Amino acid sequence: MLLFNNLSFKNQFYLAFASLISIVIFSAFSYNIVASYNSKVDSFIQESELQASLIADSSVAPLMFMDRDGLEAILSKLDRYESILQVKIFELDGSFFGEYNKNIKIQKVDIKNQNDQYFLDGTNKSSAFDSTSFIIKQKIMLNDEEHGLMYMQKSTISLNSFIMNSIINTMIFSFFLFLLMLLFIYAISKKLITPLVTLSERLGEVSLSQDYSQRLKYDSKNEIGKLYDAFNNLFHSIEIHQDSRNEALAQAKNYQEHLESLTAQLEHRVQDRTQELQDSLDTLKKAQWQLVESEKMAALGSLVSGVAHEVNTPLGNAVIGSTIIKRESEKLLKSMKDETLKKSQFEESLEFIDETSRLLYKSINTAANLIKSFKRISVDQSIEIKREFDLVEYIDEIFKTFHNKLKHIPIHIEVIAPKELYINSYPGDFAQLLNNFIQNSIFHAFDSKENDAKITIEISLEKNNSLLFIYRDNGAGMSEEIRVKAFEPFVTTKRNSGGTGLGLNIAYNIVTQKLYGIIKLESKKNEGTSFKMSIPLDEKASK
């Protein structure tokens with residue numbers, strides 16, 4: 001088990017499916033061999049009973065007339081049947097009357113009298129198998145009157161040859177079928193699993209190194225290819241905005257030094273200084289805008305890190321599922337080798353393996369859906385495109401990307417909204433808006449809260465074709481001093497802990513300037529915080 005856990009996901013995938021295929025192939029062909037052998041045995045028994053009946057009927061006349069030579073002539077014709085080893089005929093009193101013995105070196109049963117250990121009393125015919133042959137006891141009857149008793153022994157070599165040939169042919173066919181399935185699994189893995197594993201590994205590297213210069217190449221234009229393109233576009237955008245942010249900070253620092261130099265000359269250059277200050281103010285506003293954009297890209301970087309961590313959970317479940325399949329396979333194989341396997345146990349094991357396979361598929365599908373959500377949100381935030389989308393579903397996808405952070409507090413999420421709510425707007429802005437609110441709750445509202453942490457979102461349509469969007473938490477809240485200037489840039493209570501004071505300012509600008517809406521903040525110390533937004537819709541939303 002430890003060795004299996006140390007294998008890569010791709011190798012675990014190969015091993016798990018190879019084991020599953022081996023079990024299915026072995027089980028199916030084993031069942032076929034057993035069924036074929038049972039059918040062969042039934043046919044052998046029916047043939048033997050028919051031969052015994054014919055021999056008994058042919059022996060009636062010699063017994064009645066005590067014609068031993070006639071009986072010998074009849075029995076001598078049995079040479080044509082290779083499987084008949086011997087036949088013995090007894091009179092009613094148990095005395096020996098005649099026999100047939102094939103002159104070959106095969107062990108024959110010593111049939112002495114009608115009390116032989118292989119047979120039952122009270123019936124006209126009975127039969128039994130011993131280690132190497134099949135024996136039939138039958139009364140010799142005519143018109144319901146008993147005239148004697150016949151014993152016949154047949155060789156079971158044909159049955160043994162049949163089972164051996166069946167096993168050899170099945171093993172050869174199973175071997176080639178197994179190779180074919182391995183090639184099929186390898187092709188599927190190379191086409192689907194390998195690109196996803198590569199992307200997962202690269203996301204993990206980026207989340208640790210914060211190096212957004214990396215790029216991935218994928219030739220196909222399917223969903224995986226689009227995901228690779230989104231990965232490259234996202235990191236290209238983050239890299240550009242990182243350079244812009246550094247440049248803006250450098251410019252701000254240079255202008256600050258320039259302002260300090262101008263202050264010393266203020267008395268001699270009042271008129272010129274006024275114009276220079278205005279130019280500097282314009283430059284600082286530009287720098288502020290660039291910082292805001294850089295803050296948005298930093299949020300995308302956090303999204304990358306969260307998704308990279310979250311995708312490990314379903315992949316880990318997939319590994320566990322394949323491990324369970326391997327364990328059940330070993331139990332089934334052991335039972336078959338020990339010859340203790342029952343039909344009920346066999347069916348139960350196959351059902352369990354089938355259920356685990358579905359769970360394995362579900363885990364891999366969960367990872368794919370998580371990456372799909374990451375792709376949609378990241379593209380929407382990096383490229384401002386207006387489109388129609390389901391706001392309720394989109395909010396659910398955003399919360400998935402924060403699952404790792406939310407579960408550590410933990411925070412209960414409640415969304416009160418219609419089942420579907422399609423609007424024509426900018427999904428990237430809604431993602432950025434909700435991202436800033438959630439970050440604010442995690443960083444400020446629930447910084448010291450240990451129990452009953454909750455975030456509630458209410459969404460509805462107003463009569464004036466506006467969207468009512470309410471976000472609230474039951475966290476630490478704000479003092480009145482902080483609340484009245486919360487939307488101003490660079491206002492934060494966590495400056496020494498890495499806070500920039502731009503999160504709520506960005507949210508305010510998105511609602512008022514980009515979405516042309518209204519936002520209202522309500523908060524009291526230790527009573528939580530709520531943001532109530534009314535956003536006009538230029539096209540009718542549909543439920």
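Me: Which side chain makes a polar contact with that of lysine 102?

Reply: First, a note: this is a predicted model, where local features need pLDDT of at least 70 and side-chain atom pairs count only at pLDDT 80 or more, while totals for chains, interfaces and linings use all residues. Residues are numbered from 1 along each chain as its sequence is written, and side-chain values use heavy atoms, without hydrogens and water. A polar contact pairs N or O atoms within 3.5 Å, where one must be able to donate a hydrogen and the other to accept it, and residues adjacent in sequence count only if both atoms are side-chain atoms. Here the contact spans 3.1 Å, and the partner of lysine 102 is tyrosine 100.

Me: Is asparagine 464 buried or exposed?

Reply: Asparagine 464 sits in the loop between strand E9 (453–461) and strand E10 (466–473); strands are DSSP runs of at least two residues (E), helices of at least four (H or I), numbered from the N terminus. Buried means under 20% relative accessible area, exposed over 50%, and partly exposed in between (1.4 Å probe, protein chains only). Because its relative accessibility is 54%, asparagine 464 is exposed.

Me: Which strands stand at the edges of the open sheet of 5 strands?

Reply: The order is E7-E9-E10-E12-E11, with mixed pairing; two strands pair if DSSP finds at least two bridges between them. Each edge strand has a single partner, so one side of each lacks a neighbour in the sheet: these are E7 (411–416) and E11 (518–523).
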